[in-house]
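Work through the exercises below with the model in view. Each task is followed by its solution in steps.

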Amino acid sequence: MNGFGGFVLRRSVGTVITLLAISVIVYVVFFVTPGNVAQITCGPRCSPEQVHQVAQQLRLDDPLYVRYWHFLQGILVGQDYSTGTSVEHCSAPCLGQSYQSGRQVTRLILTKLPVSLSLVFGAMILWLILGVGTGVLSAWRRGRLTERLLTGVTLAGVATPVFVIGLVLMIVVCGQLRLLPFPQYVSLTEDPEQWGWNLLLPWFSLALIEAATFARLTRASMLETLAEDHIRTFRAYGVGERSIIGRHALRGAFAPIIALNANNVGGAIGGAVLTETLFGLPGIGQELVHAVNVVDLPVVVGMVLVVGFFVVVANAVADVLYAVADRRVVLA
């Protein structure tokens, strides 16, 4: 198929195949790890008979490919779980059942996901505003003191860990100046104002790190675009420098910014572990660390698959936006 519709269809099929491949790799890697999962689930005081019973309930005696097939069926159509005295249905997409708590992994993730999404998308708005704005200003003021100062600030931002920035912000803003309360997550539906105030410091802590990367990328892309022939033509015709920067050069620098933002949004949802831990936010990252510590494999697999889903889908959306901005991508 040719044209934009065919490009979107091909990209969608590729996304589905990639997600399926990720699910196979993640499931195999985590479930061939050494250790007696039944013993860990049952506890250290369980007898061999009890451990064997737990293994049967968890279907650990089945071959790996059979267990993966049941797992894939759960994602597509759902499945039933035996709780010992009754049968509980897990609706699609079902990511399994926690070994430790017995809760459905999908429900567990859905309770944690709003926290991580609130953190990442709020920070994304800030890192785009700060990063792109700084990069444009740095390219515009190339060779001047402003550019040197901004370059130094962005390099410091890239080199500084997020927990250092977050800790300094908490000490100064919350402790000494008392401008904001110490962050404590409040649901957006419960109190939108408190939701924003309590997430302000986590947003800035995460955004300042990412903004430094966006500033460097935007500056490099802007300088490359400003050196092209059509920009020289605009200047020769007397077009103002602000118009050249805002309407022409910045548009040409959008492509790498879209790609980087797609990668950052997808990865930050599962990678903001330090930010969530530092500020006590009960998101996916913090829950993933807990699941790894207690060897709760279904939760670990479910969390990793959700993070992989966001990364893959974010990159697919970036490709579609590429095609909208530049139809040459469709023909490539």
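**Exercise 1.** How many aromatic pairs does the structure hold?

Solution. The model is a predicted one, in which local features need pLDDT of at least 70 and side-chain atom pairs count only at pLDDT 80 or more, while totals for chains, interfaces and linings use all residues. Residues are numbered from 1 along each chain as its sequence is written, and side-chain values use heavy atoms, with hydrogens and water left out.

Step 1. Rings of Phe, Tyr and Trp (its six-membered ring) pair if their centres lie within 6.5 Å; planes under 30 degrees apart count as stacked, over 60 as edge-to-face and the rest as tilted. The structure holds six such pairs.

Step 2. In one of them, the ring centres of Tyr 27 and Phe 71 are 5.0 Å apart and the planes stand at 35 degrees, so this pair is tilted.

Step 3. Tyr 27 belongs to helix H1 and Phe 71 to helix H4, so to speak distant parts of the chain, 44 residues apart. Helices (H or I, at least four residues) and strands (E, at least two) are DSSP runs, numbered from the N terminus.

**Exercise 2.** Describe the lining of the second largest pocket.

Solution. Step 1. A pocket is an open set of points on a 1 Å grid where a 1.4 Å probe fits, with protein on both sides within 12 Å along at least five of seven lines; lining residues have an atom within 4 Å of a point. The volume of the second largest pocket is about 540 Å³.

Step 2. Its lining counts 18 residues, and Ile 75, Pro 93, Leu 95, Leu 305 and Phe 309 lie nearest the centre. H1 gives the most, with five residues.

Step 3. By class, 16 lining residues are nonpolar, two polar and none charged. Ala, Val, Leu, Ile, Met, Phe, Trp, Tyr, Cys and Pro count as nonpolar, Asp, Glu, Lys and Arg as charged, and the others, Gly among them, as polar.

**Exercise 3.** Examine the backbone at Pro 93 and Arg 178.

Solution. Step 1. Pro 93 sits in the loop between strand E2 (87–90) and H5. The peptide bond from Ala 92 to Pro 93 is cis, with omega near -5 degrees.

Step 2. Arg 178, in the loop between helix H7 (162–176) and helix H8 (192–226), has a positive phi of about 55 degrees although it is not a glycine.

**Exercise 4.** Which residues of H5 meet H6?

Solution. Thr 134, Leu 137 and Ser 138 in H5 are in contact (heavy atoms within 4.5 Å) with Thr 146, Glu 147, Leu 150, Thr 151 and Thr 154 in H6. These residues divide into two nonpolar, five polar and one charged.

Definitions and conventions
Points joined across faces, edges and corners; volume = space filled by probe spheres on them.
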